[in-house]
Amino acid sequence: MTEMIVAGLILLGGVFGVIGAVGLLRMPDVLIRMHASTKIGTLACGLIVIAAAVHFGSTDITIRAVAIVLFLLLTAPIAAHMIGRAAVSTGVPLWNTRQPPSATPVPEKTP
Amino acid sequence: MNTFGTNILLALVWVFLTGSATLGNLLSGFVIGYGALWLIQPLTGSSQYFRRVIAWAKLVLMFLYELALSSWEVALDILTPKLRARPAIIEVPLDVKTDAGILLVTNLISLTPGTLSLDVSDDRKTLLVHAMFADDPEALRARLKSGMERWVIDAVEGP
């Protein structure tokens, strides 16, 4: 039973990883590509780590798995936010995107 | 000591008494301690803590549900030959006041595939969100406000 769960989780994680990679190739502009890559990648990674935790089933491995997932959830959106913000504020052309009139490119703040 | 500390202490005592230091055991100790503290609530005076724990649990569960649902949407759009994406950048007014709340809202919005938070305005009142499926920007804005932001306000700032 446990083996079935572990196999299912790893398979699902792998499939999501492949989908993320395909999305990186297929999607039309930088922001949509980030939807495909960073977040589906995080989900795939999380699924595989959880599968490892279920497979070994011991406390130290579980704690490490929880720590890995927490750090993934903490860092991935910040990186995505910074890349997306940089893309918008430098005026990278966006595919077919409707923008509110006030959302002109954010002027770069000089430090 | 506040109620949260007491609850952690009860969970640790449970682990020592049952003698098996596993994560699941700690979790069940926490749940039992929560129940015990809830029972003696008339003695200690009511606290926000009980509603707060429920709000956090709801936030985590609903976030996982949203993550699964929108991952499925994005994956479907990647795999089918026709692009269904209607991207748009929308403005979402923010009701969250604290820094921690804003951080949590923007992080959670960024984490769900299909939405990506781009920028918070200088007066911290509006959030720029890039959405992948924005056929109806108004509906999406309402969904973000009554969903993610509502749960974060309940969990972080209290009702």
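Two residues are in contact here if their C-beta atoms, placed from the backbone, lie within 7 Å. The model is predicted, and the stops below run from the interface between the chains to single residues.

**Stop 1: the interface**

Select chain B and the part of chain A that it touches. On the chain B side 28 residues take part, and they are in contact with 33 residues of chain A. Five elements of chain B each supply at least two residues to that side: helix 4 (49–79), strand 1 (88–93), helix 5 (99–111), strand 2 (115–120) and strand 3 (126–131). Helix 4 of chain B gives the most, with 6 residues. Colour the chain B side by residue class and the count is 18 nonpolar, 8 polar and 2 charged.

**Stop 2: chain A as a whole**

Chain A has 3 helices and 0 strands, and its elements run α-α-α from the N terminus on. Of the 111 residues in chain A, 29% are buried. Take the contacts in chain A between residues at least 6 apart in sequence: 58% of them join residues at least 24 apart.

**Stop 3: helices 2 and 3 of chain A**

Two packed helices are described by the angle between their axes and the distance between the axes. Select residues 30–56 and 59–89 of chain A, which are helix 2 and helix 3; their axes come within 9 Å and cross at roughly 175°. Angles over 145 degrees count as roughly antiparallel, so helix 2 of chain A is roughly antiparallel to helix 3 of chain A.

Now show the side chains of the contact. Helix 2 of chain A brings residues including A:Val30, A:Met34, A:Cys45, A:Val49 and A:Phe56, and helix 3 of chain A brings residues including A:Ile61, A:Ile68, A:Leu72, A:Ile83 and A:Ala87. By class, the residues of this contact are 19 nonpolar, 5 polar and no charged.

Stay on helix 3 of chain A. With 31 residues, it reaches 45 Å from its first C-alpha to its last, close to the 45 Å expected at 1.5 Å a residue. Its buried residues are A:Ala65, A:Ala76, A:Pro77, A:Ala80, A:His81, A:Gly84 and A:Val88. Bring chain B back to see what covers them: the cover includes helix 2 of chain A, together with helix 5, strand 2 and strand 3 of chain B. After helix 3 of chain A comes A:Gly91, whose phi is positive, near 75°.

**Stop 4: A:Leu47**

Select A:Leu47 in helix 2 of chain A. Is A:Leu47 buried or exposed? A:Leu47 counts as buried, because 20 C-beta neighbours lie inside 10 Å. Leaving aside neighbours within four places in sequence, A:Leu47 is in contact with A:Leu9, A:Leu12, A:Gly13 and A:Phe16. For a distance label, pick A:Thr2: A:Leu47 and A:Thr2 are 45 residues apart in sequence and 15 Å apart in space, C-alpha to C-alpha.

**Stop 5: helix 4 of chain B**

Return to helix 4 of chain B, which has 31 residues and reaches 45 Å from its first C-alpha to its last, close to the 45 Å expected at 1.5 Å a residue. Buried in helix 4 of chain B are B:Ala55, B:Glu66, B:Ser70, B:Ser71, B:Val74, B:Ala75, B:Asp77 and B:Ile78. What covers these residues includes helix 1 (2–26) and helix 2 of chain A, together with helix 6 (137–157) of chain B.

B:Leu64 also has its place in helix 4 of chain B. B:Leu64 is exposed, because 10 other C-beta atoms lie within 10 Å. The C-alpha atoms of B:Leu64 and B:Thr112 are separated by 9.0 Å, and the two are 48 residues apart along the chain.

**Stop 6: the domains of chain B**

Colour chain B by domain: domain 1 covers 3–44 and domain 2 covers 51–157. Taken over C-alpha atoms, the centres of the two domains of chain B are separated by 33 Å.

Select B:Leu27 in helix 2 (residues 23–39) of chain B. With 12 C-beta neighbours inside 10 Å, B:Leu27 counts as exposed. From B:Leu27 to B:Trp14, 13 residues apart along the chain, the C-alpha separation is 9.8 Å.

End at B:Asn2, in the segment before helix 1 (3–18) of chain B. B:Asn2 counts as exposed, with 8 C-beta neighbours inside 10 Å. Between the C-alpha atoms of B:Asn2 and B:Asp135, 133 residues apart along the chain, the separation is 47 Å.

Methods: Residues are numbered from 1 along each chain as its sequence is written. Chains are lettered from A and ligands numbered from 1 in the order in which they are written. This is a predicted model: local features need pLDDT of at least 70, side-chain atom pairs count only at pLDDT 80 or more; totals for chains, interfaces and linings use all residues. Domain bounds come from an automatic or database domain assignment. Helices (H or I, at least four residues) and strands (E, at least two) are DSSP runs, numbered from the N terminus. Ala, Val, Leu, Ile, Met, Phe, Trp, Tyr, Cys and Pro count as nonpolar, Asp, Glu, Lys and Arg as charged, and the others, Gly among them, as polar. Axes are lines fitted to C-alpha atoms, for helices over the stretch in contact, and angles run from 0 to 180 degrees between N-to-C directions. Angles under 35 degrees count as roughly parallel, over 145 as roughly antiparallel, 65 to 115 as roughly perpendicular and the rest as oblique. The expected span of a helix is 1.5 Å times one less than its number of residues.
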